Amino acid sequence: MTHAMLKGSNVPLEATTVRAVLRWTPGQGIPDVDVSALLLGPDDRVRSDEDFVFYNQPRHPSGQVWRLGKKRAADGLTDAIQTDLSGVEARVGRILLVASADGVAFEQVRDLRVLLYDATADDAEPLAYFDVKPETGEETALICGELYRRGESWKFRALGEGYSNGLEGLATEFGISVDEEAEAEAENDAQRAPETTGTAPEGTAATPESGPSNAPEPSSPTAPTQAAPVQSPPTQPPAVQPPPVHSTSARTAPAQPLPPEQPPGVPTQPAYGYPQQTPATQPAYGYPQPAGAGQTAYGHPQAPAAPAAPAPATAAGAAAGYGYPPPAAVIPDPDFRLPPQGPQFLGR
């Protein structure tokens, strides 16, 4: 006979091998449910992490409690735990049957029921069943029931106790050490998910989620606040190049040849085309003579002059005038300069 159980009720078990089946009705938006078991010692806590049988550890080291896996039945999906009660260690006093919904609240799970079967019997009639109903609907893990010792026999009690912090929180409550590094990494992944989702694609501007606004505040309380328009950075005007300097001499003056090398003792004369310095004793050809000069310019009538005695050869710096015989030894005048010549005398 099948016992329909209420929350808090219990039923004795005569079977030595019991299969606990968790069943629910699948559908759109309904989460997947997993079954697990915790083997508790005399202090109502696990002796080690090996006393936790779940999807990542489907079999207890003793081999007496194991997970069968999920199946699809005619009336819904099932997940089952099987226990050989006759072989369970004497120090284990309770075995909790737990349902978890992978972080989703159980208010979305429909027709959740736990059924007990005699695994050695051929008939399909369950020994007992219990319809698990969450108290608040926000639970993400539920203790559906427990197998516990009563003397030399075993009993099953319907519980329906919920936890809002999921299977990890429930397991921690009974002494399971959850990997803190894995948990922290999962939390970091959950925090990075919205940041990655909100990242703007390359080439577009991302809108910040929060932070002070850069728009100027209105000067008056009654003035309407307008968002500052997004302006592109000002374009720098091209650098203004200074106008070229027009130099007549640089444009028209051709490259001048080097002056001929002067023999030693002859003073260096300026190159052709540069202004000449007028000698102190004789003006340049074609220019008027200064007042009081000893002789007139070329082409003008000469004033009669008394013949002068030839200058001694030792008189340094003596210069003969026009029409006078040159002295025997003439020392070049250091201030002598050639007169300017016209273009017809330039070499081609």
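Buried here means under 20% relative accessible area, exposed means over 50%, and partly exposed is in between (1.4 Å probe, protein chains only). Welcome to a predicted model, in which local features need pLDDT of at least 70, side-chain atom pairs count only at pLDDT 80 or more, and totals for chains, interfaces and linings use all residues. Residues are numbered from 1 along each chain as its sequence is written, and side-chain values use heavy atoms, with hydrogens and water left out.

**The sheet and its helix**

- Six strands make an open sheet in the order S2-S12-S11-S8-S4-S5, with antiparallel pairing; strands pair if DSSP finds at least two bridges between them.
- Helices (H or I, at least four residues) and strands (E, at least two) are DSSP runs, numbered from the N terminus.
- At the edges sit strand S2 (10–13) and strand S5 (52–53), each of which pairs on one side only.
- Strand S8 (residues 94–100) and strand S11 (residues 141–150) run antiparallel and are joined by seven bridges.
- Leu 96 has Glu 146 in S11 as its bridge partner.
- Helix H1 (residues 166–173) packs on the sheet, where it touches strand S4 (34–40), S5, S8, S11 and strand S12 (153–163); contact means heavy atoms within 4.5 Å.
- The direction of H1 makes about 30 degrees with that of S11, using axes fitted to C-alpha atoms (for helices over the stretch in contact) and angles from 0 to 180 degrees between N-to-C directions.

**Aromatic residues**

- The structure holds two aromatic pairs; rings of Phe, Tyr and Trp (its six-membered ring) pair if their centres lie within 6.5 Å, with planes under 30 degrees apart counted as stacked, over 60 as edge-to-face and the rest as tilted.
- Phe 52 and Phe 54 are stacked, because their ring centres are 4.3 Å apart and their planes are at 10 degrees.
- Phe 54 and Tyr 55 have ring centres 5.3 Å apart and planes at 75 degrees, so this pair is edge-to-face.
- Phe 52, Phe 54 and Tyr 55 form one aromatic cluster, in which Phe 52 is buried at 7% relative accessible area and Tyr 55 is partly exposed at 39%.

**A charge over a ring**

- Arg 157 lies over the face of Tyr 148, at 4.2 Å from the ring centre; the criterion is NZ of Lys or CZ of Arg within 6 Å of the ring centre and within 35 degrees of the ring normal.

**Around Gln 82**

- Gln 82 belongs to strand S7 (residues 76–84) and is buried, with a relative accessible area of 13%.
- Not counting residues up to four places away in sequence, Gln 82 touches Thr 17, Val 18, Arg 19, Gln 64, Val 65, Trp 66, Leu 68 and Ala 119.
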